[in-house]
Amino acid sequence: MKKLLFVIFLLTFFCKFAFSDEQQIIAMGDIEYGEYLGAECVSCHQQKGASEGIPAIHGMDAEVFVALMLAYRAKEMENPVMRMIAGRLNDEQIGSLALYFSQLEPPK
Amino acid sequence: MSKISRRAFTGLAAASVGTLAFPSISFGALPKVVVIGGGAGGATAARYIAKDSGGAVHVTLVEASKRYYTCFFSNIYLGGFRNYASIGHNYYGLAVNQGVNVVHEWAVSVDAVARKVKLGSGEHLSYDKLVISPGIDLKYDKINGYSAAVQDKMPHAWKSGTQVQLLRNQVMNMKQGGTFVMVPPPNPYRCPPGPYERVSMIAHQFKQSNPTGKIVILDPKPKFSKQGLFEAGWQKHYPGMIEWISSEDHGGLKNVNASTMEFETDLDTFKADAACVVPAQRAGAIAMAAGVNNGDWCPIVPASMQSQADENIYVLGDASVAKSMPKSGFSANSQAKVAANHIRGALTGSKVFDARYSNTCWSLIAPDDDVKVGASYVAGAEAIDVESKFISQADDTSETRAANYQESIDWYNGMTADMFS
């Protein structure tokens with residue numbers, strides 16, 4: 001019995017930490033706020049997708065979205081426009097955007 | 001309606017009495033928004049209010065032109081990089097996809113007390129909230145000898161349309177080895193890097209079709225936007241072709257003569273074979289007619305883009321005093337989203353979020369050599385304040401500059417979809 005409890009404890013412990021930063025940030029998101037904030041994104045990012053210049057973000061996986069925004073915010077990725085845009089987004093705002101764009105229809 | 005029982009209907013009516021903050025709803029009609037001007041500010045505002053309210057707000061867009069040619073990318077056309085049709089857009093998407101009532105007329109006056117807009121036909125449109133986004137008018141009389149009557153000899157080409165096509169034609173037909181004179185406008189004006197991108201595009205054209213042609217810039221200013229980047233680009237791509245003369249050196253433009261094509265300054269009289277003259281600017285006339293201007297431009301509330309003169313009127317884009325944002329299509333599009341969110345909140349009770357603004361301006365200097373400048377902004381008490389900014393670097397790689405150009409093309413497609421789809 002003690003062994004079983006220990007295993008359950010271990011599983012619980014690891015599950016808790018298995019939730020990545022990305023998932024925690026997504027959990028902070030609000031879809032209505034994401035729609036408002038997302039209006040800034042769609043001045044450049046088109047629903048129908050794009051060529052090699054500005055990538056499509058509609059329908060993007062929420063965790064990928066968060067990971068990219070964190071990388072731009074940390075200036076680990078190059079584009080100065082995206083560094084500026086991500087630079088002023090807090091975790092809640094990034095989570096909201098990720099939620100909003102992930103539920104949109106991706107480009108065909 | 002037939003499915004609503006008498007009891008339910010009474011309940012709805014009682015509920016609507018409780019929403020006195022939204023007076024139009026309580027009388028059973030949809031709240032009305034009228035948007036004057038179908039450019040980057042107005043088309044975006046109309047689209048977002050209609051789209052996001054899901055039919056709860058009746059939106060009318062008043063725009064005289066049935067086909068809208070963007071000012072942004074008109075220089076790219078001048079450089080021969082795309083055809084004119086590619087920068088033209090219609091209002092079909094706004095009418096059909098978003099349910100915007102598109103009225104192709106001029107708005108001639110605003111009765112702010114009765115909340116009515118008078119159209120050129122004599123018809124009136126009543127509104128609960130009015131958006132004025134008329135762009136610029138030109139102050140022709142600020143340059144001696146220049147007027148609307150001679151703008152075909154020396155096109156300003158600063159409001160897109162036939163003027164840009166005419167300018168392209170004059171650039172293509174200038175005599176070999178001739179001189180092109182460019183007169184940029186004084187501050188503040190639409191598209192700060194625009195005159196210098198225009199010079200770059202004309203130089204690019206001359207390099208191919210008129211390699212001994214010269215360009216003289218008679219600037220009313222002592223410095224200009226992205227100056228270091230442009231001057232380095234001109235040196236690299238068009239050595240010896242472009243001469244920029246600061247106001248401090250020529251002492252001011254005293255007179256232009258459209259018959260002899262002469263430009264008189266303290267320094268010298270310059271004879272042109274072709275020319276582009278962009279006069280000083282002010283908010284479009286309807287803003288003056290509505291009484292929301294203070295002098296040439298319209299002061300706004302930074303948190304909402306509401307006019308400081310009338311809380312039911314919002315002024316967007318070039319016509320507004322949106323310090324520290326430049327007068328650009330990108331700025332107008334950004335401001336429109338803040339205003340749309342605020343208007344929808346006032347009329348339907350939807351959530352109003354904090355204002356946030358951004359802008360980026362790309363300028364093409366030569367093929368695959370594109371520079372950009374941008375900033376993000378927040379609403380301060382007195383002005384729209386810069387939060388962070390960036391500008392292209394002198395030592396950018398050629399790959400970065402080429403990527404900037406591709407990015408600008410994608411932005412153009414995204415932006416115009418965001419306005420018109």
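Select W362(B) to begin: W362(B) stands opposite K372(B), a residue of β23(B). Strands here are DSSP runs of E with at least two residues, helices are runs of H or I with at least four residues, and both are numbered from the N terminus. The model is predicted, with local features needing pLDDT of at least 70 and side-chain atom pairs counting only at pLDDT 80 or more, while totals for chains, interfaces and linings use all residues. Residues are numbered from 1 along each chain as its sequence is written, and chains are lettered from A and ligands numbered from 1 in the order in which they are written.

Next, select residues 369–379 of chain B, which form β23. This strand and β22(B) run antiparallel and are joined by 10 bridges; two strands pair if DSSP finds at least two bridges between them.

Now display the whole sheet. It is open and antiparallel, with 3 strands of chain B in the order β22-β23-β24. At its edges lie β22 (356–366) and β24 (384–391) of chain B, each of which pairs on one side only.

Contact requires C-beta atoms, placed from the backbone, to lie within 7 Å.

Finally, show chain A. In the interface, 25 residues of chain B are in contact with 21 residues of chain A. On the side of chain B that touches chain A, α12(B) supplies the largest share, 10 residues.

Terms used
Contact = placed C-beta atoms within 7 Å.
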